[in-house]
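Q: Here is a protein to look at, with questions on its helices, its confidence and its surface.

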Amino acid sequence: MSTNNFKKLEEEEEKQFPHAPPEIENNLMGNMRMTHFMGDVVELYLPRIFEMILSFFGNNQEVKKKMTPNDQLESDSDDGPIGSPKSDL
């Protein structure tokens, strides 16, 4: 059976360098933490920024979504708040 030369090379290098230098490991962990933090910030705030921009341009859909079903019924119907018809003043 043939042996894989890359496996041999990997084993030799693992014997020669068993662990990464601490500076490299610390830098790598710092980069990973920063990337994770930036991903969290984007995930949390990016949708809110779009909502804010849309609200500046007069998007009323977000307001209707946040209203309770009773509020939507009152604002969409022709009846008054108690069920009596609205008066035409």
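Helices (H or I, at least four residues) and strands (E, at least two) are DSSP runs, numbered from the N terminus. This is a predicted model, in which local features need pLDDT of at least 70, side-chain atom pairs count only at pLDDT 80 or more, and totals for chains, interfaces and linings use all residues. Residues are numbered from 1 along each chain as its sequence is written, and side-chain values use heavy atoms, with hydrogens and water left out.

Q: Which pattern does the protein follow along the sequence?
A: The protein has four helices and zero strands. Read along the sequence, the pattern is α-α-α-α.

Q: Which element has the lowest mean pLDDT?
A: pLDDT is the predictor's confidence in each residue, from 0 to 100. The protein has a mean of 78, and 63% of its residues reach 70 or more. Helix α1 (residues 5–16) has the highest mean among the elements, 92, and the lowest, 56, belongs to helix α4 (residues 69–76).

Q: Is F57 buried or exposed?
A: F57 lies in the loop between α2 (22–56) and α3 (61–66). Buried means under 20% relative accessible area, exposed over 50%, and partly exposed in between (1.4 Å probe, protein chains only). Because its relative accessibility is 72%, F57 counts as exposed.

Q: How does E14 count in terms of relative accessibility, and why?
A: E14 is located in helix α1. Since E14 has 48% relative accessibility, it counts as partly exposed.

Q: What percentage of the residues of the protein count as buried?
A: The protein has 89 residues. Of these, the share that counts as buried is 1%.
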